[in-house]
Amino acid sequence: MGRGLGGRVTSGGSRDAVPGAGPPKMAVCIAVIAKENYPLYIRSTPTENELKFHYMVHTSLDVVDEKISAMGKALVDQRELYLGLLYPTEDYKVYGYVTNSKVKFVMVVDSSNTALRDNEIRSMFRKLHNSYTDVMCNPFYNPGDRIQSRAFDNMVTSMMIQVC
């Protein structure tokens, strides 16, 4: 699934490729966290690291809260809040985004994917926010419930398997 493109794009010792890992993924974990800090949606790949990614998302909420309180009054003036890099680990980078209604989006990206730039992360968050808005506009969705939209899930899947 997309293996032919990702492994052959860069020639002569690709810095993005990890032996046996296949093509670099756009995101390895995407989470939507409610204003009250419980998960509305969380998806990760590979699934064997699911608990690790859940922990990373949970610990990132403290950093999100710090960044929001540091922004203070400037927060009210902005329509959207891209928080940027929340924290890097040895293997992953964690990015954050907050909506006006204080819903938080957290994205974990593989650190070996050096082709992914800040403006691409920002664009992915905008796409995620637009899809989240579509879910909220569904008259059958009760705000605060877990997100179980097939369209939202497909959009998240596309963000996770795209190859740079």
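Which residues do ring pairs link into a cluster? They are Tyr-82, Tyr-97, Phe-105, Phe-125 and Tyr-132. The model is predicted, and the structure holds 6 aromatic pairs. Two of these pairs are set out here.

| Pair | Centre to centre | Angle between planes | Geometry |
|---|---|---|---|
| Tyr-82 and Phe-125 | 5.9 Å | 55° | tilted |
| Phe-105 and Tyr-132 | 5.5 Å | 75° | edge-to-face |

**Tyr-82 and Phe-125.** This tilted pair links distant parts of the chain. Tyr-82 sits in strand S3 (residues 81-88), and Phe-125 lies in helix H4 (residues 118-136). The two are 43 residues apart. Tyr-82 has a relative accessible area of 11%, so it is buried. Phe-125 is buried too, because its relative accessible area is 0%.

**Phe-105 and Tyr-132.** The planes of these rings stand at 75°, so the pair counts as edge-to-face. The cut-off for that class is over 60 degrees. This pair also joins distant parts of the chain. Phe-105 belongs to strand S5 (residues 104-110), while Tyr-132 is in helix H4. The separation is 27 residues. Both Phe-105 and Tyr-132 are buried.

**Confidence.** Among the elements, strand S1 (residues 29-33) has the highest mean pLDDT, at 95. Helix H1 (residues 3-8) has the lowest, at 39. Over residues 1-22, pLDDT stays under 50. For that stretch the model has 14 contacts beyond four places in sequence.

Key. Residues numbered from 1 in each chain as written. Predicted model: local features only at pLDDT ≥ 70, side-chain atom pairs only at ≥ 80, totals over all residues. Heavy atoms only, no water. pLDDT = per-residue confidence, 0-100. Helix = DSSP H or I, 4+ residues; strand = E, 2+ residues; numbered from the N terminus. Contact = heavy atoms within 4.5 Å. Phe/Tyr/Trp six-rings, centres within 6.5 Å; stacked < 30°, edge-to-face > 60°. Buried < 20%, exposed > 50% of the residue type's maximum accessible area, 1.4 Å probe, protein only.
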